[in-house]
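Good morning, and thank you for joining this group meeting.

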Amino acid sequence: MRLLTRARLEATRAPRAKRAADFDRAVAEFFMRIALEEAAKGLGRTSPNPVVGAVLVKGGRIIARGYHKKAGTAHAEVVALEAAGSRARGADLYSTLEPCDHYGRTPPCSLAIIEAGVRRVFTGSSDPNPKVSGKGVARMRRAGVKVVTGVLQEEADKLNRPFFKSIRTGMPWVTLKAAATLDGKLATATGDSRWVTGEKAREWVHRLRDNVDVILVGANTVRHDDPKLTTRLPGGKGKDPLRVVVDSHLRLSPGYTVFTQKSPARTIIATLEDPEGRKAKRFLAQGVEVWQLRKKGDRVDLKALLRRLGKSGLNHVLVEGGAEMYGSFLREHLADELALFLAPKLLGRQGMSWAGDLGVKEMTQALSVKDLTFEQHGQDILLQALL
């Protein structure tokens, strides 16, 4: 998923519509963009729930804002309504996702909106959850609240791709992140890969880690790079995602950094080995979880692993290596998105290709990507695409 760039919206007054009762698309989009900025504050923290932002507007001015902080806490609309208090009566509410209409861990937002006396509601995305879809909008309209749907829907939908996929399929959204030279190599023939990209590219990766639920790597990446798989943002900010190491036959030593460092995040080894066996007990003694999964060939079935992560309420998985792991996800069509950094370097034929074996023998078999975009971060180019 592409990270949102924080908009420089210093003012809280939008362009005025000709008459207060008019629905002006430019005004609606102005305030919805601010709601999207609010929603983005919850990225990586709300699973299995979506990220949602809300803004209350009265007389052309923002009177309250809110975002969903984590599952089980108040939804964005209620946060904004509580901040506004009695001022919410007669106001307009902008929400990036249609308000819910069912009792879960919190009461329905649609009822709170009606009871607060909100005049109009503008929404971005429609919620694919059958418990929600269209029901909140219908209830509010029956109560006399004017509802306008689909405001900046494309932007709102992008923000919640992982949640939407989870609701529809039970599987998490999978982003492949790789760093390669201009000729597509992620390491030298000896396995040296520090550093392919520059500091600005690595900063971007840490912001991405802060926005996902899981980082997943293969055993070879741990063996060659000994990574921390933590989020390191300026000022010590950032959230460590859950770490998953796929080691089908438990050949790694428990002494690697990812298994020994202190972090609030859990660490899991996905394997074919018995979690009660001798090999597994070495990891269990260090607080590492051992998940025994079914096999595909002689390796862990990655689809089974993703399903288990999905059942655990984890919506977004970031795959960070290595070449065999990237190749497996691409061959099996298990990845949704690619974030590929290209550095201005060349390693030549003996370097290690980032994508691994894709089984392509003819150009007609080549995997295609969609919606390709480019960004520059320092000297490196970031290519992002849907798979």
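How are α2 and α3 oriented relative to each other? Before I answer, a word on the origin of what you see. This is a predicted model, in which local features need pLDDT of at least 70 and side-chain atom pairs count only at pLDDT 80 or more, while totals for chains, interfaces and linings use all residues. Residues are numbered from 1 along each chain as its sequence is written, and side-chain values use heavy atoms, with hydrogens and water left out.

Now to the answer. Helices α2 and α3 pack at an angle of about 25°, with their axes 9 Å apart. The axes are lines fitted to C-alpha atoms, for helices over the stretch in contact, and angles run from 0 to 180 degrees between N-to-C directions. The two helices, α2 and α3, are therefore roughly parallel to each other. On this scale, angles under 35 degrees count as roughly parallel, over 145 as roughly antiparallel, 65 to 115 as roughly perpendicular and the rest as oblique.

The crossing of α2 and α3 is left-handed. That term applies if the near helix is turned anticlockwise from the far one by less than a right angle; if clockwise, the crossing is right-handed. On the α2 side, E77, V78 and L81 meet C109, A112, I113 and A116 of α3, where contact means heavy atoms within 4.5 Å.

Let us stay with α2, which spans residues 76-84. Its buried residues are A76, E77, V78, A80, L81 and A84. Buried means under 20% relative accessible area, exposed over 50%, and partly exposed in between, with a 1.4 Å probe and protein chains only. The cover over these buried residues includes the strands β1 (53-58), β2 (61-67) and β3 (92-97), as well as α3 (109-116). After α2 comes G85, with a positive phi near 60°.

With 46% relative accessibility, R141 counts as partly exposed. Leaving aside neighbours within four places in sequence, R141 is in contact with V147 and T149. R141 and V121 are 20 residues apart in sequence, and 9.7 Å separate them in space, C-alpha to C-alpha.

I turn next to the aromatic rings. Rings of Phe, Tyr and Trp (its six-membered ring) pair if their centres lie within 6.5 Å; planes under 30 degrees apart count as stacked, over 60 as edge-to-face and the rest as tilted. The count by this rule is seven aromatic pairs. One of them joins F30 and F31 edge-to-face, at 5.1 Å centre to centre and 90° between the planes. F30 is buried at a relative accessible area of 18%, and F31 is buried at 1%.

Another edge-to-face pair is formed by W204 and F341, with 5.5 Å centre to centre and 80° between the planes. W204 lies in helix α7 (residues 199-210) and F341 in strand β15 (residues 337-343), so this pair ties together parts that are 137 residues apart in sequence. W204 is buried, at 4% relative accessibility, and F341 is buried with 1%. Ring pairs also link F30, F31, Y94 and F122 into a cluster.

Two arginines sit over tryptophan rings. R202 lies over the face of W195, at 4.5 Å from the ring centre, and R308 lies over the face of W291, at 4.1 Å. The rule requires NZ of Lys or CZ of Arg to be within 6 Å of the ring centre and within 35 degrees of the ring normal.

How many of its nine residues are buried? The number is seven, and α12 is described as mostly covered. They are A323, M325, Y326, G327, S328, F329 and L330. Following α12 is H333, whose phi is positive, near 55°.

Note on methods. Helices (H or I, at least four residues) and strands (E, at least two) are DSSP runs, numbered from the N terminus.
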